[in-house]
Amino acid sequence: MSLAEIKKNIQEERFVCPKCKAPIKEYDNVVETTASVWDGAGDSELETGASKVTLICSNKPCTWKERTEYWENYLRD
Ligand SMILES: [Zn+2]
């Protein structure tokens, strides 16, 4: 999972706001954690490619936003 994928999901309106059920329109502060936490100690769990993002609904008047590593939870099927 990467910034490109988050972007694509926003564009295709696949993220759904848990509060108003509308497609989430914005995101901010994407951090791809894979490279930065890799310390060469051989812990392969760090290779899953997690990234952290702030998802922002921005469908007025909804003010929902969430800083999360588990943004897949907001993808609709
Ligand atoms: Zn919303």
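Two strands are taken to pair if DSSP finds at least two bridges between them. Helices (H or I, at least four residues) and strands (E, at least two) are DSSP runs, numbered from the N terminus. The structure described here is a predicted model, in which local features need pLDDT of at least 70 and side-chain atom pairs count only at pLDDT 80 or more, while totals for chains, interfaces and linings use all residues. Residues are numbered from 1 along each chain as its sequence is written, and side-chain values use heavy atoms, with hydrogens and water left out.

Confidence is expressed as pLDDT, the predictor's confidence in each residue, from 0 to 100. The average over the chain is 84, and 75% of the residues score at least 70. Among the elements of the chain, the highest mean pLDDT, 96, belongs to S3, and the lowest, 55, to helix H2 (residues 33–37).

An open sheet is formed by 3 strands in the order S1-S2-S3, with antiparallel pairing. Strand S1 (26–32) and strand S3 (65–68) are the edge strands, each of which pairs on one side only. From one strand to the next, the twist averages 5°; for such angles, axes are lines fitted to C-alpha atoms, for helices over the stretch in contact, and values run from 0 to 180 degrees between N-to-C directions. S1 and strand S2 (residues 51–56) run antiparallel and are joined by 5 bridges. Asp28 is found opposite Thr54 in S2.

Helix H1 (residues 3–11) packs on this sheet and touches S1 and S2, contact being defined as heavy atoms within 4.5 Å. The direction of H1 makes about 165° with that of S1.

Backbone features of note occur in two loops. In the loop between H1 and S1 lies Lys21, a residue other than glycine whose phi is positive, near 65°. Lys21 counts as exposed because its relative accessibility is 61%.

The loop between S2 and S3 contains Ser58. Although Ser58 is not a glycine, its phi is positive, at about 55°. With a relative accessibility of 25%, Ser58 therefore counts as partly exposed. Pro61 also lies in the loop between S2 and S3. The peptide bond that joins Lys60 and Pro61 is cis, with an omega of about 5°.

Methods
Buried < 20%, exposed > 50% of the residue type's maximum accessible area, 1.4 Å probe, protein only.
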